[in-house]
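Hi,

Here is the structure I promised to pass on. My notes on what turned up in it follow below.

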Amino acid sequence: SSRVLWTLAVTQLKFIATLRGHVGAVYQVNWSADSRLLVSGSKDSTMKVWDLKTKKMAMDLPGHADEVYSVDWSPDGEKVASGGKDRILKLWRS
């Protein structure tokens, strides 16, 4: 499974990277406030944090018993919230 990043130019998109790590469909991706990290939630019941400088997975966050549908950063960029099919909301702190 792959994640593809693009950067927006005035008239075209430029390919940046493919991020591999999830083994199930990815349902949501969100940028950190400083745009250095992405967090993704997947059918494989994990969240992953991606470092955009290295283009590699920075953290693998298992913890949900089923699919992760929703992920988002706190405004200060220090926490991530997730929710999934297991009907549980989880909070993660850096």
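**The cores and a buried glutamate**

In this predicted model, the largest nonpolar core consists of 9 residues: Leu37, Val39, Met47, Val49, Leu61, Val68, Val71, Trp73 and Val80. (A nonpolar core is a set of buried Ala, Val, Leu, Ile, Met, Phe, Trp, Tyr and Cys residues joined through side-chain atoms within 4.5 Å; buried means under 20% relative accessible area, with a 1.4 Å probe and protein chains only.) At least two residues of this core come from each of β4 (37-42), β5 (47-51) and β7 (68-73), where strands are DSSP runs of E, at least two residues, numbered from the N terminus. β7 gives the most, with 3 residues. A second, separate core has 5 residues, including Leu19, Leu38, Trp50 and Leu52.

Now to Glu67, in the loop between β6 (56-61) and β7. Glu67 is buried yet has no salt bridge (a side-chain nitrogen of Lys or Arg within 4 Å of a carboxyl oxygen of Asp or Glu). The nearest side chain of opposite charge, Lys85, is 4.1 Å away; Lys and Arg count as positive, Asp and Glu as negative, and His and the chain ends are not counted.

What are the lengths of the polar contacts that join the side chain of Glu67 to those of Tyr27 and Tyr69? The one with Tyr27 is 2.8 Å, and the one with Tyr69 is 3.4 Å. (A polar contact is a pair of N or O atoms within 3.5 Å; within protein, one must be able to donate a hydrogen and the other to accept it, and residues adjacent in sequence count only if both atoms are side-chain atoms.)

Residues are numbered from 1 along each chain as its sequence is written. Local features need pLDDT of at least 70, side-chain atom pairs count only at pLDDT 80 or more, totals for chains, interfaces and linings use all residues, and side-chain values use heavy atoms, leaving out hydrogens and water.

Best wishes

Methods: Buried means under 20% relative accessible area, exposed over 50%, partly exposed in between (1.4 Å probe, protein chains only). Helices (H or I, at least four residues) and strands (E, at least two) are DSSP runs, numbered from the N terminus.
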